[in-house]
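Colleague: I would like to learn how to read a structure such as this one, feature by feature. Could you walk me through it?

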Amino acid sequence: MVPYQITATERILNRIEIANNYRKYGSVEGGGYIWHTTGSGKTLTSFKTARLASKLPYIDKVLFVVDRKDLDYQTMKEYDRFEKGAANSNTSTAILKRQLENPDAHIIITTIQKLATFIKKNPGHEVYAKHIVIIFDECHRSQFGDMHTAIVKNFKKYHLFGFTGTPIFSINSGRAKNPEFFTTGQTFGDQLPEMSCLEIRIR
């Protein structure tokens with residue numbers, strides 16, 4: 001890992017620790033987003049973050065959420081390249097359900113569509129009370145709709161983090177479907193760190 005990847009990982013872990021200590025989970029104060037440009041090694045950063053977060057004694061699971069099936073497969077291949085068998089992927093909502101119920105499945109890669117379907121079909125499931133870190137790959141407009149709202153309304157003790165190369169600020173937000181989740185910051189919390197990886201490289 002290079003310095004900006006290490007910095008991003010450290011900031012996320014630090015945010016989880018502080019949010020846990022002050023019981024700020026379940027809100028944007030317990031999360032944040034990482035602005036990583038294309039080709040900056042986002043998958044490696046997310047893998048290291050997920051691996052370290054899953055080892056925290058109070059974290060039950062880490063979910064890595066992508067928004068397309070091909071990214072699901074691609075991310076799993078990348079994770080396996082970093083450490084074989086470290087993460088669990090799924091080809092159906094039924095498999096995702098079993099993984100969420102399995103205490104030995106600590107890192108789960110899934111699509112936002114499968115996670116949303118699970119939530120719709122399983123109201124009041126016990127996993128919603130678990131202490132969970134949810135990491136979104138490319139946290140752009142596809143996460144601003146009903147599925148994202150359902151996720152944050154059902155999970156109680158979550159830390160929500162997003163990785164993106166195209167953060168949404170008020171100036172480029174357009175017509176957001178949900179005014180509560182208007183910009184990337186409103187949806188995920190603070191930018192961690194408060195500069196993009198390109199700016200860190202330049203410095």
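Modeller: Gladly! Let us begin with exposure: a residue is called buried under 20% relative accessible area, exposed over 50%, and partly exposed in between. Glu29, at 47% relative accessibility, therefore counts as partly exposed. Please keep in mind that this is a predicted model.

Colleague: Thanks. What share of the 203 residues counts as buried?

Modeller: The buried share is 51% of the 203 residues. As for the overall layout, the protein has eight helices and five strands. Read from the N terminus, the order of elements is α-β-α-β-α-α-β-α-β-α-β-α-α. Contacts tell you how the chain comes together: among those with a separation of 6 or more, 76% are between residues 24 or more positions apart.

Colleague: Now to salt bridges. How many does the structure hold?

Modeller: Six salt bridges are present. The general idea is a side-chain nitrogen of Lys or Arg within 4 Å of a carboxyl oxygen of Asp or Glu. One of them pairs Lys24 with Glu29, at 3.8 Å from N to O. Lys24 has a relative accessible area of 35%, so this residue is partly exposed, and Glu29 is partly exposed too, at 47%.

Colleague: And Lys42 with Asp137: are these two residues buried or exposed?

Modeller: Both Lys42 and Asp137 are buried. Their side chains form a salt bridge with an N to O distance of 2.4 Å. This pair connects distant parts of the chain, with Lys42 in helix α2 (residues 42-54) and Asp137 in strand β4 (residues 131-137), 95 residues apart.

Colleague: Which residue forms a salt bridge with Arg81?

Modeller: The partner is Glu78, and the closest N and O atoms of the two are 3.0 Å apart. Here the sequence positions are worth a look: Arg81 and Glu78 both sit in helix α3 (residues 69-82), three residues apart, or about one turn of the helix. Arg81 has 57% relative accessibility and so counts as exposed, while Glu78, at 24%, counts as partly exposed.

Colleague: Let us move on to helix packing. What describes two packed helices?

Modeller: Two packed helices are described by the angle between their axes and the distance between those axes. For helix α5 (residues 112-121) and helix α6 (residues 146-154), the angle is about 55° and the axes are 9 Å apart. The two helices α5 and α6 are therefore oblique to each other, and their crossing is left-handed. On the α5 side, the contact is made by Ile112, Gln113, Leu115, Ala116 and Ile119, and on the α6 side by Met147, Ala150, Ile151 and Asn154. Sorted by class, the contact of α5 with α6 has seven nonpolar residues, two polar ones and no charged ones.

Colleague: At what angle do the axes of helix α1 and α2 cross?

Modeller: The axes of helix α1 (residues 3-21) and α2 cross at roughly 35° and come within 9 Å. This crossing of α1 and α2 is right-handed. From α1, the residues Gln5, Ala8, Thr9, Ile12, Leu13 and Ile16 meet Leu44, Thr45, Lys48, Thr49, Leu52 and Ala53 of α2. By class, that contact of α1 with α2 has seven nonpolar, four polar and one charged residues.

Colleague: I would also like to read the loops. Where does Asn88 lie?

Modeller: Asn88 is in the loop between α3 and α4 (93-101). With a relative accessible area of 25%, Asn88 is partly exposed. Leaving out residues up to four places away in sequence, Asn88 touches Met76, Gln99, Ala105, His106, Ile107, Ile108 and Ile109. Of these, take Gln99: Asn88 and Gln99 are eleven residues apart in sequence and 7.7 Å apart in space, C-alpha to C-alpha.

Colleague: And the backbone angles? What is phi of Arg23?

Modeller: Phi of Arg23 is near 55°, a positive value in a residue other than glycine. Arg23 belongs to the loop between α1 and β1 (32-35), and with a relative accessible area of 63% this residue is exposed.

Colleague: Which residues does a cis peptide bond join?

Modeller: The cis peptide bond joins Leu192 and Pro193, with omega about -10°. You will find Pro193 in the loop between α7 (184-188) and α8 (197-202).

Methods:
Residues numbered from 1 in each chain as written. Predicted model: local features only at pLDDT ≥ 70, side-chain atom pairs only at ≥ 80, totals over all residues. Heavy atoms only, no water. Axes fitted to C-alpha atoms, helices over the stretch in contact; angles between N-to-C directions. Helix = DSSP H or I, 4+ residues; strand = E, 2+ residues; numbered from the N terminus. Parallel < 35°, antiparallel > 145°, perpendicular 65-115°, else oblique. Left-handed = near helix turned anticlockwise from the far one by under 90°. Contact = heavy atoms within 4.5 Å. Nonpolar A, V, L, I, M, F, W, Y, C, P; charged D, E, K, R; others polar. Buried < 20%, exposed > 50% of the residue type's maximum accessible area, 1.4 Å probe, protein only.
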